[in-house]
Amino acid sequence: MAASETILSVRDLRVRFRTLDGAVEAVKGINIHINAGETVAVVGESGSGKSQTMMAAMSLLASNGEATGSVDYRGRNLLTLSKSELNKVRGAKISMIFQEPMTSLDPLYSIGNQLIEPIRRHRGLGAAEAHEEALKLLRLVHIPDPERRMKSYPHEMSGGQRQRVMIAMALANDPDILIADEPTTALDVTIQAQILMLLAELQRKLGMAIVFITHDLGIVRRFADRVYVMRQGEVVEEGEAEAIFVNPQHAYTKMLLAAEPTGRKAAPPANAPVLLEGRNVEVTFRIGGGFLAGEPLMLRAVDHISIRLQRNQTIGIVGESGSGKSTLGRALLRLLPSDGLIRFGDRDISTADRQAMRPLRREMQLVFQDPFGSLSPRMTVGQVVTEGLLVHEPNLSGKQRDQRAVEALREVGLDPNARNRYPHEFSGGQRQRIAIARAMILKPKLVVLDEPTSALDRSVQKQIVELLRKLQTDHELSYLFISHDLSVVRAMADYIIVMKQGKIVEEGPTEAIFSNPQHVYTQTLMAAAIDVTRFRLSA
Amino acid sequence: MLRYVFRRLLTAIPTLFVIVTMAFFLMRVAPGGPFNQERGLSPEIRANLEAQFGLNDPLWLQFVHYLGNLLRGNFGPSYNMPDFTVTELFAKGLPISVQLGASALILALLLGSVLGTIAALNQNKVGDYTVIALATAGSTIPTFVIAPVIQLLFGLTWKLLPIGGWGDGAFINKVGPVLTLALPQIAIVARLMRGSMIESLRSHHIRTARALGLSDWSVVVKHALRGAILPIVSFTGPAAAALLTGSVIVETIFSIPGVGRYFVDAALNRDYTLVMGTVVVIAIFTIVFNLIVDVMYAVVDPRVRYD
């Protein structure tokens, strides 16, 4: 790209947080510059300081954080500007969108109200003019029926639409720089692709520079002109995007590039015994209704689904949020009331109640997505891991339970001493290992894995995938692997079910699905997730 | 929304019925009766009195009679103050208690919210610690200590306020009791407000508002405060019901002819009808204020919808 003017330059930026354990340095003296109209990606895993760098530039650090060094925007150091001067830059010249479209808009005000506020503030327009401007912006980001949407509240819109609104707010005052902090991470893959294409289109139209803060190398490859790779508060590598992908220099960059889960799972022999079978399983939720409230709305979350899981098999259940994949997993474990036939081993459990299910529970375990919410913060890791033993093997002595905890933790690759510590002392990946140990200690036959890697960094994901595959081989486990992440599913599952709106739209052996997807929806999913062609080559 | 309010009012009927039934029978389980304490009472007079008030009928019949009267809005005569019906006692005392309670509540909500917000904006700084210290003091010092101290300082030493009495509702007579009622509530509101404001200020949409370069006033008042107000709204329901139905301590210490004293006096004297009347009034206040809170919720938060 043509050498153009540098509009933002970050020099020797350090960000420190005062904590109870002393000062923590999140960013350790980095240099970054942004040229007009270019697309720069700041890449790194969680804790690399990539977000804090930009938060510091925008003076959005948490109250215990402080930044030193300089962030020059067109010759003025943002770090030393007075608040009122700074507020003339923020939201006008430099604006920002965030990872959490669900919570980044104020839930108590209408979309129109929130769009109009920054327009009026920065441009001093009257109410009517600002209203017109807001409508124009909603059209610009392709929100259908903008007049009506002006009156909508955030909770009435989907995640993708909210992110479009965020983008509209950020672009309201024609900024020089748009900072996008993981703008698509919380969205479904097809929506991710739409948002990214929208950003590319807007950049072509409006010509602002975009800074992508991301852990997703796919985005970097498709979008960025230049890349900064960050790790533990330092920039370890920088350069043209193409060069970094073709010829990475730093070991960490190489590791990031190689972190996509690899390997394939072979199908079990055709005559392997069937462990879990569901026939015409249906789950219906009642919404509303009751005394004087009229008829309830019936929502069919799982609609006539049949599934057969053999020993040592992994079935990947793929779909976007709201497709019913998690509900199906819970229904098959009889954690939710459902219609249809469910067999576990040679038992019909379609109508089994809690009590009848209890002895079977040890053979069917569940691992959840959220490694932070699914472990009780008030129990030691040892207590968390051995709790199931109290129910299912009540005769064990305390010593025997402790021994089992040691074995289980060792098996998932954790130091057995971890059992005397509390979950908050561990990272996301370690916590997910603890959750897996909690399931494995009961020696189950079936494990339902509900997005077990979605909250983790790529490199950690890869390790967890490898761990799960090893456990499967060692114990002849059967997995139901629920995920929206196709690359992980591909590495884990030998059979795939694609769900949409409670129904199976396509199913088959993994390689068949990946090499030749039949249904339009599957093709869309694949294209959104796998396609690495660039949306835009630098102008 | 109207339909929701109507439905809630309908469900209040069985609720009230259960409360009245339980209060009626629990009261009768307690030993003694309204005419036991009067030692000089000869057995004949006592029998006459009990016959007059129907206390000799089987319990279920008394209950049916009471319910029948209640449905016609008749709370019955007071046993210990035979010159008055319960309705008359409330007609005289309730407006006084409501005036004091409402003033204290409004004062507490305004002052408490402001203090709580100041604390939140200065989290872990001097302003914050000052408010927390005051709030802790306010909620731990009992009313029966605050009231005499106010009387002593403002009444006796500085002669700014009357020591007690209602004075036909003169403003100056209300200051002491309202302050006493409000202080603990100010403390509670301030602490609630501080907590929810801190949370609100940390939320993602506040970060968005700052990133958009909005003014501090807009960020704090328009965006953070409105989100933080919800816990205060929930608190206001039960607090209003409690404050508006009078406080036995404050009314006794300041010699205020409100209804707060009735509950305790009546319970001790086994004044069945007056106890029942108080229970019904408090229950109705509680139900109505909880309904108002739920409606306010929907007004403040567009995500809350009832239909």
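Predicted model: local features only at pLDDT ≥ 70, side-chain atom pairs only at ≥ 80, totals over all residues.
The C-alpha centres of domain 1 and domain 2 of chain A lie 34 Å apart. The domain assignment places domain 1 of chain A at residues 6–257 and domain 2 of chain A at residues 309–530.

Where the two domains meet, domain 1 of chain A contributes ten residues to the contact, and domain 2 of chain A contributes ten residues. Which helices of chain A each supply at least two residues of the domain 1 side? They are helix 7, residues 189–206, and helix 10, residues 251–257. Helix 7 of chain A gives the largest share of that side, namely four residues. Sorted by class, the side of domain 1 of chain A that touches domain 2 of chain A comprises four nonpolar, four polar and two charged residues.

Let me turn to a sheet in chain A. Six strands form an open sheet in chain A, in the order 16-17-18-13-19-20, and their pairing is mixed. Strand 16, residues 364–367, and strand 20, residues 503–509, of chain A each have a single partner strand; they are therefore the edges of the sheet, and one side of each has no neighbour within it. From one strand to the next, the twist averages 15 degrees.

Within this sheet, please look at strand 13, residues 314–318, and strand 18, residues 478–483, of chain A. These strands run parallel and are joined by five bridges. As for individual residues, A:Ile317 has A:Ile482, in strand 18 of chain A, as its bridge partner.

A helix also belongs in this picture. Helix 11 of chain A, residues 325–332, lies across strand 13, strand 17, strand 18 and strand 19 of chain A. Here strand 17 covers residues 446–450 and strand 19 covers residues 495–500. Relative to strand 18 of chain A, helix 11 of chain A runs at about 155 degrees.

I come finally to the contact between the chains. How many residues does each chain bring to the contact? Chain A brings 27 residues and chain B brings 21 residues. On the chain B side, helix 8, residues 204–211, and helix 9, residues 216–228, each supply at least two residues. The largest share of the side of chain B that touches chain A comes from helix 8 of chain B, with six residues. By class, the residues on this side of chain B are five nonpolar, ten polar and six charged.

Conventions
Residues numbered from 1 in each chain as written. Chains lettered and ligands numbered in written order. Pairing = 2+ DSSP bridges. Axes fitted to C-alpha atoms, helices over the stretch in contact; angles between N-to-C directions. Contact = placed C-beta atoms within 7 Å. Nonpolar A, V, L, I, M, F, W, Y, C, P; charged D, E, K, R; others polar. Domains from an automatic or database assignment.
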